[in-house]
Amino acid sequence: MNEHREPVTIRRIVVAVDASPHSRAAMEAAVRLAARFDAVLLGLFVEDINVLRIAGLPYAQEFGVYSAQRRQINTVDMERQLRVRSRQVQDSFRLLSERASIQGTFRVTRGSVGTEIQSAAADADVLIVGRAGWSQLRERQVGSTTRAVCSAEAPSITAVLQSGAQLAPPILVVYDASEAAEKALIFAERLIDEMRGPLEVLLVADTELLLQTRRNLLERALTELKVMSHQHSLITSALQNLIQAIYVLHAQTVVLPASLSLLQEGRMVSFLEQVDTSVLLVR
C-alpha cells in the first residue's frame, strides 16, 4: 500500500486505427479519454508491410468475405486499398476530434504493425487498440496486433475496445492490492467522476486469509479516494470464475492490473476472447 498516492497523469494518448468496427470503437474511446483528461491524441494508421509483401508474390489472391469470390491482386492494388482505408479513417478521426474540441493529429506509417504501434506509443501514457483488425475472420478472435501490445512493453495503460463497446458504466475495477491495482483504482475514480454513479470493485484472492488482508487495504484506499463504491469479493484461482463474475456484475468497462495472477502465463488473450466489455490493462 502506498502511503502517498500520486495522481494518474495522462498527457498523451495513442490510438491504433484501421477500417474495422473494433477500430471505430477504439477511436471513439480515445477521443472521449482525450477530452476527459485534456490530453493530446495521436491517431496511427499503419500500412502493413507484410500484407504488401504478400500482395507482391506471384499468384497472390484476395478472398472476398462477403462475395466469396477470389481475385488476383498485386502490390499496386493493395497500396490503393490501404490509401482508401487510411483516408476513410482519417476523415472519421478528424470529425470526432473536432466535435470533442481536442488536440488530435493523424499519422500514416508503413512497417510491421506491432513495431510501429509500440514505437509511436513509447512516450504515451495510454495506448488504445481494437480487439481485432479488419482482416480478422473469427468473430471473437483477438488480433495479432492486440496480442503483441498486451504482452510486450507498453504504456502504463493499454485499452482494448471492440465493436459495440464503450468506456461506460458500470465500471469494474479488479483489485489484488498490487501497486498496479491501486493505480487502476485512481484511474477508474477519475473516469467515474465524469460518468457519475458508483464504482464497482471486485476484490480477488485465492484464499480467505489473503482476501481479508486485501480487504483492509482496499477499504483504506477507497476511504482516501472518497469515492462511492460497491464492493464484491471473489476467492478463486481460476480465470473462468473471474469472467463469470464480470458478467454477473454487468460490467461495461473493466479496469484491471497487469500484475493479476489470473492473467499470467498467456491467459490475457483467453480473457479478451471471452468478455464483451471494454478492457483497460494498468501497469
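Student: Within what distance do the axes of helix α8 and helix α9 come, and at what angle do they cross?

Tutor: This is a predicted model. In it, the axes of α8 (residues 239-248) and α9 (residues 267-274) come within 11 Å and cross at roughly 30 degrees.

Student: What makes α8 roughly parallel to α9?

Tutor: Angles under 35 degrees count as roughly parallel. The crossing angle is roughly 30 degrees, and therefore α8 is called roughly parallel to α9. The crossing of these two helices is right-handed.

Student: Which residues of α8 and α9 meet?

Tutor: From α8 there are Leu 239, Gln 240, Leu 242, Ile 243, Ile 246 and Tyr 247, and they meet Arg 267, Ser 270, Phe 271 and Gln 274 of α9. By class, the residues of this contact are 6 nonpolar, 3 polar and 1 charged.

Student: How do you know that α1 is roughly parallel to α3?

Tutor: The axes of α1 (residues 21-37) and α3 (residues 75-100) come within 10 Å and cross at roughly 25 degrees. The cut-off for roughly parallel is an angle under 35 degrees, so α1 is described as roughly parallel to α3. The crossing of α1 and α3 is right-handed.

Student: Which residues bring α1 and α3 into contact?

Tutor: Arg 24, Met 27, Glu 28, Val 31 and Ala 35 of α1 meet residues of α3, including Val 89, Phe 93 and Leu 96. The contact of α1 with α3 has 7 nonpolar, 2 polar and 2 charged residues.

Student: Why is Gly 114 called buried?

Tutor: A residue is buried when its relative accessible area is under 20%. Gly 114 has 16%, so Gly 114 is buried. This residue lies in helix α4, and its C-alpha atom is 7.0 Å from that of Val 149, 35 residues apart in sequence. In the protein chain, buried residues make up 51% of the 283 residues.

Student: Why is Asp 123 called exposed?

Tutor: Exposed means over 50% relative accessible area. Asp 123 has 54%, and therefore Asp 123 is exposed. Asp 123 is in the loop between α4 and β6.

Student: What makes the pair of Asp 123 and Arg 12 a polar contact?

Tutor: For a polar contact, the N or O atoms must be within 3.5 Å. The side chains of Asp 123 and Arg 12 make such a contact at 2.7 Å. The C-alpha atoms of Asp 123 and Arg 12 are separated by 7.9 Å, although the residues are 111 residues apart along the chain.

Student: What makes the peptide bond from Pro 169 to Pro 170 cis?

Tutor: Its omega is near 0 degrees, and the bond is cis. Most peptide bonds are trans. Pro 170 lies in the loop between β7 and β8.

How values were computed: Residues numbered from 1 in each chain as written. Predicted model: local features only at pLDDT ≥ 70, side-chain atom pairs only at ≥ 80, totals over all residues. Heavy atoms only, no water. Helix = DSSP H or I, 4+ residues; strand = E, 2+ residues; numbered from the N terminus. Buried < 20%, exposed > 50% of the residue type's maximum accessible area, 1.4 Å probe, protein only. Polar contact = N/O pair within 3.5 Å; in protein donor to acceptor, adjacent residues only side chain to side chain. Axes fitted to C-alpha atoms, helices over the stretch in contact; angles between N-to-C directions. Parallel < 35°, antiparallel > 145°, perpendicular 65-115°, else oblique. Left-handed = near helix turned anticlockwise from the far one by under 90°. Contact = heavy atoms within 4.5 Å. Nonpolar A, V, L, I, M, F, W, Y, C, P; charged D, E, K, R; others polar.
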